[in-house]
Each structure stands twice: as structure tokens, then as C-alpha cells.
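I set out to record what I looked up in this structure. My entries follow in the order in which I made them.

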Amino acid sequence: KIEVEDQIFSIGSCFSTEMTDLLKEGQLQTFNNPFGTLFNPFSINLAISKLHNAEFYEEGDLISFNEEVLSLDHHTSFNTRFVHQTLDKINSQIEAGNQFLRTTSWIIITYGTSYIYEFLPKKKLVSNCHKIPAKYFEKRLLTHLELTDAIYETVVNLKDIAKEDVQILFTVSPVRHTKDGMVENNLSKSKLITAIHDILPQFENCHYLPAYEILMDDLRDYRFYKEDLIHPNNQAINYIWEKFGNAYFS
């Protein structure tokens with residue numbers, strides 16, 4: 001169970017941020033998304049690996065676009081007009097994230113999609129396209145093996161750096177990626193759920209919070225969504241939060 005003195009680290013889609021905001025309101029020590037919002041298991045695994053190794057970014061890891069210096073592994077909130085400023089923002093978060101993870105007892109990971117984009121000029125899988133023209137990217141689904149490998153490696157790295165009895169809680173974001181298409185979104189989410197459930201039995205300290213299922217099957221009504229009919233509204237978030245609290249708070 002989560003105790004008042006426990007530190008909680010969270011990473012992933014905007015749903016992990018919603019949960020962290022509620023934990024913060026309860027005065028719990030939290031650290032959320034040191035790379036900004038991330039959606040797929042490959043990108044989240046890359047971020048965890050960099051945090052685990054305290055591996056700093058250098059100028060060669062960045063690109064320039066639209067008079068901004070940015071990292072394709074990070075959210076747009078890290079973009080600045082100068083190389084040193086972008087690097088300062090990125091590396092200070094890596095340092096802080098590494099320190100926090102060492103004393104963390106709970107980790108919440110929220111996956112949003114199985115889709116990933118490859119940045120063709122660098123032949124590199126990216127976390128964020130930063131509104132760079134689509135012709136520079138190729139979109140594809142991660143394979144089942146890529147998904148399970150990424151999740152497995154994430155767990156191994158977290159077990160290594162965090163407290164001995166660290167508990168890892170996986171969720172799949174209930175936010176539907178309608179821009180991919182409804183069929184594609186279902187395929188993407190089902191691949192995530194399958195991959196997580198393949199990994200769970202291999203580790204005693206891994207759990208699954210059915211946030212996606214609660215919204216889809218328990219609430220299943222548009223009155224629980226914001227005006228865009230994609231994101232859960234406060235009522236839905238508080239409902240899932242209550243279920244989470246009943247299950248995991250001491």
C-alpha cells in the first residue's frame with residue numbers, strides 16, 4: 001500500500017499527470033515526466049534508460065527547427081531558442097529524476113499508444129514530432145516483441161535504481177487517439193494491454209490499474225468526457241482516482 005511518506009514517480013501520457021496532480025494535492029512527494037509527456041513504450045523505455053544511467057544530452061542529440069533548438073526524445077516544453085538553454089532544461093531534469101528514482105517506492109507508468117514515428121533524416125524513432133512536416137516521418141505500429149522488450153527493460157532498470165521493494169503500477173491511458181482512426185486506436189490500445197499482461201507475471205512487483213477499462217466499460221457514457229469527447233472530464237478522473245485510492249492507499 002502507498003504510505004504518506006512514500007515517494008511516487010510517474011511517467012507517460014497526460015493521464016499520469018492527472019494522477020500526479022491529485023497525489024500532489026494530498027501533499028505526497030511526486031515527480032512526473034522528466035522528459036515531458038510521452039506516449040509509447042519505446043520512448044518511455046528510452047527515457048527510463050537515460051534516467052537510470054544519468055546520461056546527459058549533448059549538442060549532437062538536438063536539432064534546429066523554426067528557430068528553436070529541440071530534442072526529438074522530449075516534449076515541446078523543452079524547446080528554447082538556444083542550445084545551452086535546451087540542454088540545461090533537459091539535463092537538470094535528468095539529474096533530478098535520477099536522484100528522485102533512487103528513493104522511490106512507487107512508480108506509475110501510463111502508456112497511450114503503440115504507434116511510433118521514425119524521423120527519416122536521422123533514421124531514429126522519436127517521442128515527439130514537434131510539428132515538423134509529416135514528409136520527414138514514417139509512422140508505424142511497434143511490434144509485439146518491441147513492446148514487450150521495452151516494457152521488460154523498463155522494469156529491470158527501475159528495479160535496479162529504485163528502492164528494493166519498489167512497486168510498479170501500469171495503466172493504459174483512457175484517452176482515445178481518434179486522429180489515428182477508431183479501428184487503429186483500438187488495435188493500438190489492445191497491443192499495449194496484451195504486452196503489459198505478458199510482462200506482469202514475470203515480476204512480483206508489477207501491477208495493472210484498469211483505468212482504460214473503468215472509463216470504457218464502467219462509465220461508458222459521453223457525460224464523463226470533456227467537450228472534445230476524447231479526454232475524461234474531472235468527474236471521470238475523480239472516479240478512477242477513488243478506485244485507485246481504495247485499492248492502493250493504506
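Entry 1, Leu 101. I located Leu 101 in helix 3; helices (H or I, at least four residues) and strands (E, at least two) are DSSP runs, numbered from the N terminus. The model is predicted: local features need pLDDT of at least 70 and side-chain atom pairs count only at pLDDT 80 or more, while totals for chains, interfaces and linings use all residues. Residues are numbered from 1 along each chain as its sequence is written, and side-chain values use heavy atoms, with hydrogens and water left out.

Leaving aside neighbours within four places in sequence, I found Leu 101 in contact with residues including Phe 9, Leu 51, Ile 107 and Leu 158, where contact means heavy atoms within 4.5 Å. Leu 101 and Ile 48 lie 53 residues apart in sequence and 9.8 Å apart in space, C-alpha to C-alpha.

Helix 3 covers residues 83-102, 20 residues in total, and I read a reach of 29 Å from its first C-alpha to its last. That is close to the 28 Å expected at 1.5 Å a residue, the expected span being 1.5 Å times one less than the number of residues. Its buried residues include Leu 87, Ile 90, Ile 94 and Leu 101. Among the elements that cover them I noted strand 1 (7-12), helix 2 (41-52), strand 5 (106-111) and helix 4 (144-161).

I looked up which residues touch the most other members of the largest nonpolar core. Of its 50 residues, these are Phe 9, Ile 107, Ile 109 and Phe 170. A nonpolar core is a set of buried Ala, Val, Leu, Ile, Met, Phe, Trp, Tyr and Cys residues joined through side-chain atoms within 4.5 Å. A second, separate core has 18 residues, among them Leu 169 and Ile 240.

Thr 113 sits in the loop between strand 5 and strand 6 (115-119). I record Thr 113 as buried, because its relative accessible area is 6%. Its side chain makes a polar contact with the side chain of Ser 188 at 3.1 Å; a polar contact is a pair of N or O atoms within 3.5 Å, and within protein one must be able to donate a hydrogen and the other to accept it, while residues adjacent in sequence count only if both atoms are side-chain atoms.

Definitions and conventions
Buried < 20%, exposed > 50% of the residue type's maximum accessible area, 1.4 Å probe, protein only.
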